[in-house]
Structure formats: structure tokens, C-alpha cells
Amino acid sequence: MTKDDAIKKVRELLPDARYEHTLRVAETAVTLAKQYGADQEKAELAGILHDIAKYFPEDELYRTISSHPEIPNVFLNYHSSIWHAPVGAVYVQEQLGLLDLDIYNAITYHTTGRAGMSLLEKIIFLADYIEPGRDHPGVEPVRKLANKSLDQAVSLALVNTINYLIERYSPVFPDTIAAYNDLIRTTG
Ligand code: DGI
Ligand code: FE
Ligand code: FE
Ligand code: FE
């Protein structure tokens, strides 16, 4: 799977605005990979592919999670807006034949994070949060931190996301809390 194959595939599966988001995430991920010494090619591919399942119908996302033991069923107990992440990872592996565990995990955890995130997982999580098209409240301090400390930037993005969910009385996926607990121990 080359970069061009990946772009072609997401172009087919995503509406314009989401496709453009995808390209900005890939570009941001490459910048972060250079900065923090990650594999730039994997960062670019994972960025291009991270939201590939975003527009799969909800019942298909549900069925894919139910039928794949490699995806924890606990995803189904939380909001459907997080389902595209693990399903996208499985799609990339099974339908596109891209067999790369680093990319698989980066896509699986790009929305929720988890404890013990790899360098590439942190980069895709953060690139998705700070790509230049994002304007959610609190994004600017995260962008600034991203130039200084990857862990601190990921921590702040997690804090913002958890706060956002709690303010709306929304459930928070356990891995998101676990990611926060894990990073806050080292970043303070
Ligand atoms: O797919 P994107 O829009 O680019 O971004 P995403 O995959 O990070 O976000 C998907 C949505 O999931 C986002 O609006 C927040 C929402 N969400 C719902 N429950 C949770 C959650 N996000 C996290 N991190 N944890 C949750 O428990
Ligand atoms: Fe996403
Ligand atoms: Fe499978
Ligand atoms: Fe995204």
C-alpha cells in the first residue's frame, strides 16, 4: 500500500471536507514525526487512513465490532462516534491488506487514546486534534505545547476532551481516562 493507493481509497470513501481533514492530519503527523523521531512514512499513511471508516453506516460499524474478537466489545457500550476508529483499523488490515501493527494501533486508538500509547499513536491522536482546520475551544494551547512536549500536548488534548464530555454528562470511554492517568503521572 503506497501513499497514493491510500489517498485514492479515502477519496472514494470520504466526503470532501473529511477527505481534506485527512490530508491535513497526514501533513501534521509527518511534521510531528520529524520533530519527535517517529517513522514519517507510517505517520503519513496512518494520518491518511485514520478516518477511513468515519462514514460507514452505524449498523455496519456495530456488526464489524461484534464479529471481530480483536476489537474489544466494550466499544459498543459507548457512543457510536468512537466506533470508526477500531473498525477503520480492521478495514485497513483486512480490506486494504496493510499489515502493520503500528499503523493498526494508531488508527484504533486515534479517538480514545489508551494507557501506554506508542509514539505513533500519540502522534496520530495529536495530529487529529490540532490539524490546522480544527477550531475547537482550547486547541491553541495544545498547538503551542505540541512544539515543546508531545506528552504534555496529548495530556492537554485528553483533558479538554474529557472536560467536554463531562460538561455534557456524556460517558467517557475507559481507555480515555486510562490515557489521561498514564500521561499525567509523567507530565504532572
Ligand atoms: O473523527 P474525527 O472527527 O476527526 O475525530 P475523533 O475521532 O477524535 O472524534 C470522534 C468524536 O468522539 C469526538 O467528537 C468526541 C467523541 N467521543 C465520544 N466519546 C468519547 C469521545 N472521544 C473520546 N476521546 N473519548 C470518549 O469516550
Ligand atoms: Fe476519527
Ligand atoms: Fe478479522
Ligand atoms: Fe480525524
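**Gln 152 and beyond**

Visitor: Which residues is Gln 152 in contact with, leaving aside its neighbours within four places in sequence?

Guide: Leu 145 and Thr 187. Two residues are in contact if their C-beta atoms, placed from the backbone, lie within 7 Å.

Visitor: What kind of model is this, and how are things numbered?

Guide: It is a predicted model: local features need pLDDT of at least 70, side-chain atom pairs count only at pLDDT 80 or more, and totals for chains, interfaces and linings use all residues. Residues are numbered from 1 along each chain as its sequence is written, while chains are lettered from A and ligands numbered from 1 in the order in which they are written.

Visitor: Back to Gln 152. How far apart are Gln 152 and Thr 187?

Guide: In sequence, 35 residues; in space, 5.9 Å from C-alpha to C-alpha.

Visitor: Where is Gln 152 found?

Guide: In helix H9. Helices (H or I, at least four residues) and strands (E, at least two) are DSSP runs, numbered from the N terminus. Gln 152 is partly exposed, because 17 other C-beta atoms lie within 10 Å. The scale is this: 20 or more other C-beta atoms within 10 Å is buried, 12 or fewer is exposed, in between is partly exposed, with C-beta atoms placed from the backbone.

Visitor: Zoom out. How many helices and strands?

Guide: 10 helices and 0 strands. The radius of gyration is 15 Å, close to the 16 Å that the globule rule gives for 188 residues, so the chain is as compact as a globular protein of that length. The radius is taken over C-alpha atoms, and the rule is 2.2 Å times the number of residues to the power 0.38. The C-alpha atoms fill a box of roughly 40 × 35 × 30 Å along the principal axes.

Visitor: What share of the residues counts as buried?

Guide: 40% of the 188. As for contacts between residues at least 6 apart in sequence, 58% join residues at least 24 apart.

Visitor: Tell me about the largest nonpolar core. Which members touch the most others?

Guide: Ala 29, Ala 46, Leu 49, Ile 123, Leu 126 and Ala 153, out of 49 residues. H7 gives the most to this core, with 8 residues. A nonpolar core is a set of buried Ala, Val, Leu, Ile, Met, Phe, Trp, Tyr and Cys residues joined through C-beta atoms within 7 Å.

Visitor: What is Ile 123 in contact with, beyond four places in sequence?

Guide: Ala 29, Leu 32, Ala 33, Tyr 36, Ala 38 and Ala 43.

Visitor: What about H5? How many of its residues are buried?

Guide: 8 of 11, in a helix that runs over residues 84–94. Among them are His 84, Pro 86 and Tyr 91. The buried residues of H5 pack against helix H3 (40–49), helix H4 (58–67) and helix H6 (101–108).

Visitor: And H8, which residues are buried there?

Guide: Val 142, Leu 145 and Ala 146, in a helix spanning 139–146. They cover an arc of only 105 degrees around the axis, which puts them on the same side of H8. The arc is that of the directions from the helix axis to the C-beta atoms. On the other side, Glu 140, Pro 141 and Lys 144 are exposed.

Visitor: New topic: which residues come nearest to ligand 1?

Guide: His 79, Ser 81, Thr 111, Phe 173 and Thr 176, of the 16 around it. Near means a C-beta atom, placed from the backbone, within 6 Å of the molecule.

Visitor: Where does Ser 81 sit?

Guide: In the loop between H4 and H5. Ser 81 is exposed, with 11 other C-beta atoms within 10 Å.
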